[in-house]
Amino acid sequence: MPAALLLALGQLGDPAFRGPLVKGVLLAALAMAGLLWGAVAAAGWAAGGGPAWLGWGASALGGFLALFLAWWLFLPVAVGVSGLFVEQVAQAVERRYYPGLPPARAASVAAQGASGLWFAARMLALQLLLLPLMFVPGVGFVVALGVSALALGRGMFEATAQLRMGLGAARQARVARRWSVWGLGLSLALLSLVPLAGLLVPVLGTAASVHVLQRRGRQTG
């Protein structure tokens with residue numbers, strides 16, 4: 001597990017993390033509940049003209065598929081949620097570990113918002129495209145996990161870095177730390193597969209991204 005993620009885990013009890021964590025859990029739960037309800041309702045509607053047993057079977061199948069999709073699509077939901085709280089979490093990490101940092105010169109709010117929404121949309125499309133690989137024995141899951149890790153680490157890091165620099169500089173910083181960013185993304189992708197633990201991904205990913213950015217900067221500065 002990357003050192004940056006261990007540091008983030010150590011700060012999980014910080015009061016500044018509680019608000020984003022609770023809000024993120026509630027928003028993710030609402031999104032997943034909506035998906036579950038929609039899938040069950042759609043399956044019931046599709047079987048509405050048939051016998052009662054067919055309706056029950058379709059509803060049960062719809063519920064199972066919705067649960068699977070909710071589990072698989074949690075990653076883009078978490079990414080979208082994290083964009084709402086990234087600044088609060090990042091500031092808490094900087095206050096505790098990097099108090100000597102100069103005032104942040106962030107990208108514009110519009111640029112940060114557009115970048116976050118675009119990344120969440122790409123993650124959603126990517127997860128849907130990778131879904132068939134989950135049914136390919138062995139290599140399918142490994143490929144899907146690797147691609148998700150790459151996208152997740154990149155997006156989480158750039159969203160956090162933009163609190164202190166423009167998008168172009170954030171991308172350059174990410175390229176300079178490509179292996180650390182990928183390792184963080186892999187750890188977060190694995191965590192997202194664990195029931196309930198995946199709810200921690202937005203907060204931990206943001207906090208760990210601050211460490212990846214600042215620890216490398218101190219070592220090379």
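Which residues does tryptophan 182 touch, not counting residues up to four places away in sequence? Tryptophan 182 touches Gly146, Ala149 and Leu150, where contact means heavy atoms within 4.5 Å. The model is predicted: local features need pLDDT of at least 70, side-chain atom pairs count only at pLDDT 80 or more, and totals for chains, interfaces and linings use all residues. Residues are numbered from 1 along each chain as its sequence is written, and side-chain values use heavy atoms, with hydrogens and water left out.

The protein has 9 helices and 0 strands. Helices (H or I, at least four residues) and strands (E, at least two) are DSSP runs, numbered from the N terminus. Along the sequence the pattern reads α-α-α-α-α-α-α-α-α. The protein has 221 residues, of which 42% count as buried. Buried means under 20% relative accessible area, exposed over 50%, and partly exposed in between (1.4 Å probe, protein chains only). Among contacts between residues at least 6 apart in sequence, 80% join residues at least 24 apart.

Tryptophan 182 belongs to helix H8. Its relative accessible area is 30%, so tryptophan 182 is partly exposed. The C-alpha atom of tryptophan 182 is separated by 9.8 Å from that of serine 148. These two residues are 34 apart along the chain.

The packing of H8 (residues 178–192) against H6 (residues 139–161) was examined next. The two axes come within 7 Å and cross at roughly 115°. Axes are lines fitted to C-alpha atoms, for helices over the stretch in contact, and angles run from 0 to 180 degrees between N-to-C directions. H6 and H8 are therefore roughly perpendicular to each other. Angles under 35 degrees count as roughly parallel, over 145 as roughly antiparallel, 65 to 115 as roughly perpendicular and the rest as oblique. The crossing of H6 past H8 is right-handed. A crossing is left-handed if the near helix is turned anticlockwise from the far one by less than a right angle, and right-handed if clockwise. H6 contributes Leu145, Gly146, Ala149, Leu150, Leu152, Gly153, Arg154, Met156 and Phe157 to the contact. H8 contributes Val181, Trp182, Gly185, Leu186, Leu188, Ala189 and Leu190. By class, the contact of H6 with H8 comprises 12 nonpolar, 3 polar and 1 charged residues. Here Ala, Val, Leu, Ile, Met, Phe, Trp, Tyr, Cys and Pro count as nonpolar, Asp, Glu, Lys and Arg as charged, and the others, Gly among them, as polar.

H6 also meets H7. The axes of H6 and H7 come within 9 Å and cross at roughly 130°. That angle makes H6 oblique to H7. The crossing of H6 and H7 is right-handed. On the H6 side, the contact is made by Arg154, Phe157, Glu158 and Ala161. On the H7 side, Leu167, Ala170, Arg171, Ala173 and Arg174 take part. The contact of H6 with H7 divides into 5 nonpolar, no polar and 4 charged residues.

Arginine 174 lies in H7 (residues 167–176). With a relative accessible area of 17%, arginine 174 is buried. Leaving aside neighbours within four places in sequence, arginine 174 is in contact with Arg154, Phe157, Glu158 and Val181. Arg154, Phe157 and Glu158 are among the H6 residues that make the contact with H7. Val181 is one of the H8 residues in the contact with H6.

Glycine 140 is another residue of H6. At 1% relative accessibility, glycine 140 is buried. Glycine 140 and leucine 130 are 10 residues apart along the chain. Their C-alpha atoms are separated by 8.7 Å.

Proline 76 is buried, at 6% relative accessible area. Neighbours within four places in sequence aside, proline 76 is in contact with Ala120, Met123, Leu124 and Gln127. Proline 76 and phenylalanine 119 are 8.5 Å apart, C-alpha to C-alpha. In sequence, proline 76 and phenylalanine 119 are 43 residues apart.

A search of the whole structure finds 1 aromatic pair. Tyrosine 97 and tyrosine 98 form this pair, which is tilted, with 6.3 Å centre to centre and 45° between the planes. Rings of Phe, Tyr and Trp (its six-membered ring) pair if their centres lie within 6.5 Å; planes under 30 degrees apart count as stacked, over 60 as edge-to-face and the rest as tilted. Tyrosine 97 is partly exposed, with a relative accessible area of 26%. Tyrosine 98 is buried, at 6% relative accessibility.
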